[in-house]
Structures are given as structure tokens and as C-alpha cells.
Amino acid sequence: MGLKQTISPNYVLSQIDEAQIFSYYYGEFSLKHPVSSPFRRDRNPSCSFFIGNTGKIIFTDFGTGESLDCFAFVARLNNETYNKAIKRVACDFGLTLAGCDPKPIERKLIKKSELVAEEGKK
């Protein structure tokens, strides 16, 4: 019997940061700037990315009141469980090969440090 690999949020976030995850699944964004929701029709952007009290980036939808961390965002985007979203992120970023379909990362990824530096300039 082989060992089952457990992928945790802490493991994933020790390899990549939340900004990289959000930018891969959402696209380019800036902190505290209005963006449109990927979950509903949103003619007037009513969402934003923030660094929350815990120091993590949070996607907030002011139209629905939802606040999602990077894994909850991926779960909602793909209509899957939180744990499946963690596994999806690990697969998409090449952090695990177990049960993954190979798919190269093509988008330019924003790093959290870049966002923090940008926010500090304001």
C-alpha cells in the first residue's frame, strides 16, 4: 500500500502565496480597487481584494456580503468543496502530482509582496 498524500492549506501557502492563487484564478487585480464578481452579473464592480485582519488576502463581494479566502474563492469558482479546491490549487501549481491532470500555468502571477508594496505607496 502507498502512502496517501495530504495537501493542507498551510503546505500550499508555504510554497506560494494567496496573491498568486487569486491572480491565477481571477486574473490581475489590485488591493482595495473595485472589481467585478466572477460569480454573478456585476455591471458596476462591487467586489474588492483586501488584506484582512489575519494578514491574508480576502475577496469581498459587497453585493452578497461574501468574504472568501483564496481556497474558498477557488471552491466557489469551481463549485467544489474547500478540500477539493486545496487539491486543485496544489495540482495547478505543480505542488503535487498525485491525481493531477498536467496543466501549465500560463498567466503572469501577482505576488503578495508586490501588492503590499503597491499599497504602501498610496
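At 19% relative accessibility, Asp 17 counts as buried, because the cut-off for buried is under 20%. Bear in mind that we're looking at a predicted model here. Asp 17 sits in the loop that links α1 and α2.

So what does Asp 17 touch? Setting aside its neighbours within four places in sequence, its contacts are Ile 110, Lys 111, Lys 112 and Ser 113.

## How α2 meets α4

Now for a pair of helices. Two packed helices are described by the angle between their axes and the distance between the axes. For α2 (residues 18–25) and α4 (residues 82–92), the axes come within 12 Å and the crossing angle is roughly 90°. That makes α2 roughly perpendicular to α4, since angles of 65 to 115 degrees fall in that class.

Who makes the contact? On the α2 side you'll find Ile 21, Tyr 24 and Tyr 25, and these meet Arg 88, Val 89 and Asp 92 on the α4 side.

## The buried side of α4

Stay with α4 for a moment. Its buried residues are Ala 85, Ile 86, Val 89, Ala 90, Cys 91 and Asp 92. Two of those names, Val 89 and Asp 92, came up in the contact with α2 as well.

What do the buried residues of α4 pack against? The partners are α1 (9–15), α2 and α3 (70–78). Just past the end of α4, the backbone has something to look at too: Gly 94 takes a positive phi of about 70°.

## Positive phi without a glycine

Lys 32 isn't a glycine, yet its phi is positive, at about 60°. You'll find Lys 32 in the loop between α2 and β1 (47–51). Is the residue buried or exposed? Lys 32 has a relative accessible area of 52%, so it counts as exposed, the cut-off being over 50%.

Asn 79 is another non-glycine with a positive phi, this one about 50°. Its place is in the loop between α3 and α4. Asn 79 is exposed too, with a relative accessible area of 74%.

## Back to the loops

To line up the loop residues: Asp 17, between α1 and α2, is buried. Lys 32, between α2 and β1, is exposed, and Asn 79, between α3 and α4, is exposed as well.

How values were computed: Residues numbered from 1 in each chain as written. Predicted model: local features only at pLDDT ≥ 70, side-chain atom pairs only at ≥ 80, totals over all residues. Heavy atoms only, no water. Axes fitted to C-alpha atoms, helices over the stretch in contact; angles between N-to-C directions. Helix = DSSP H or I, 4+ residues; strand = E, 2+ residues; numbered from the N terminus. Parallel < 35°, antiparallel > 145°, perpendicular 65-115°, else oblique. Contact = heavy atoms within 4.5 Å. Buried < 20%, exposed > 50% of the residue type's maximum accessible area, 1.4 Å probe, protein only.
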